[in-house]
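Biologist: I have the sequence and the model open. Can we go through it together?
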Amino acid sequence: MATHPVSDSQFDTEVRQADTPVIVDFWAEWCGPCKQIGPALEELSEEYAGKVKIVKVNIDENQEQAAALGVRGIPALFMFKDGEVVSNRMGAAPKAALKSWIDESI
């Protein structure tokens with residue numbers, strides 16, 4: 001299962017009401033570090049299919065949730081479990097570090 005885009009209007013349904021943990025990647029098209037971690041997130045989405053859902057929120061098009069969560073820089077990753085934020089991290093990281101973060105958070 002690949003990552004997929006989520007808008008502000010879909011956020012509650014896709015993230016807060018999800019049956020599995022959800023990682024939200026707040027990103028923008030112009031963000032170099034966001035593009036760096038994109039392929040790793042796609043691979044992790046496949047590896048964790050059925051266990052963790054990974055979604056992407058473009059902050060240029062969807063600012064409401066980013067503002068509500070206090071996102072000040074991107075990429076910003078938030079792990080939601082049972083509708084609540086259980087962990088977050090800012091900035092780019094290698095796939096191994098992202099995988100460790102996911103494993104610690106779920």
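Biologist: Which residue is joined to Cys31 by a disulfide?
Modeller: Cys34 is the partner, with an S to S distance of 2.4 Å. A disulfide here is a pair of cysteine sulfur atoms within 2.5 Å. In general terms, a disulfide is a covalent bond between the sulfur atoms of two cysteines.

Biologist: What should I know about the model before going on?
Modeller: It is a predicted model, where local features need pLDDT of at least 70 and side-chain atom pairs count only at pLDDT 80 or more, while totals for chains, interfaces and linings use all residues. Residues are numbered from 1 along each chain as its sequence is written, and side-chain values use heavy atoms, with hydrogens and water left out.

Biologist: Back to sulfur. How many disulfides does a search of the whole structure find?
Modeller: One.

Biologist: Why is the disulfide of Cys31 and Cys34 called right-handed?
Modeller: The torsion about its S-S bond is about 80°, so the disulfide counts as right-handed.

Biologist: Are Cys31 and Cys34 buried or exposed?
Modeller: Cys31 is buried, at 4% relative accessibility, and Cys34 is buried with a relative accessible area of 4%. Buried means under 20% relative accessible area, exposed over 50%, and partly exposed in between, using a 1.4 Å probe and protein chains only.

Biologist: Where is Cys31 found, and what is the place of Cys34?
Modeller: Cys31 is in the loop between E2 and helix H2 (32–47), whereas Cys34 is in helix H2. Helices (H or I, at least four residues) and strands (E, at least two) are DSSP runs, numbered from the N terminus.

Biologist: What feature does UniProt place at Cys31 and Cys34?
Modeller: The UniProt record, an unreviewed entry, has "active site" at both positions. UniProt positions are given in the numbering used here, feature names are shortened, and annotations may be inferred rather than shown by experiment.

Biologist: Which residues is Cys31 in contact with, leaving aside neighbours within four places in sequence?
Modeller: Ile74 and Pro75. Contact means heavy atoms within 4.5 Å. With sequence neighbours up to four places away left out, Cys34 touches Trp27, Ala28, Ile74 and Pro75.

Biologist: Is the peptide bond from Ile74 to Pro75 cis or trans?
Modeller: Cis, with omega near 0°. Pro75 sits in the loop between helix H3 (64–68) and E4. Most residues other than glycine have a negative phi, and most peptide bonds are trans.

Biologist: Which residue other than glycine has a positive phi, near 55°?
Modeller: Asp82. Asp82 belongs to the loop between E4 and strand E5 (84–90) and is exposed, with a relative accessible area of 71%.

Biologist: New topic. Which residues touch the most other members of the largest nonpolar core?
Modeller: Phe11, Val24, Phe26 and Ile74, in a core of 20 residues. Helix H1 (11–16) and strands E2 (22–27), E3 (53–58) and E4 (76–81) each give two or more residues to this core. E2 gives the most, with four. A nonpolar core is a set of buried Ala, Val, Leu, Ile, Met, Phe, Trp, Tyr and Cys residues joined through side-chain atoms within 4.5 Å.

Biologist: And Lys53, buried or exposed?
Modeller: Lys53 is buried, with a relative accessible area of 13%, and is found in strand E3. A polar atom of the Lys53 side chain lies 2.7 Å from the backbone oxygen of Glu14.

Definitions and conventions:
A polar contact is a pair of N or O atoms within 3.5 Å; within protein, one must be able to donate a hydrogen and the other to accept it, and residues adjacent in sequence count only if both atoms are side-chain atoms.
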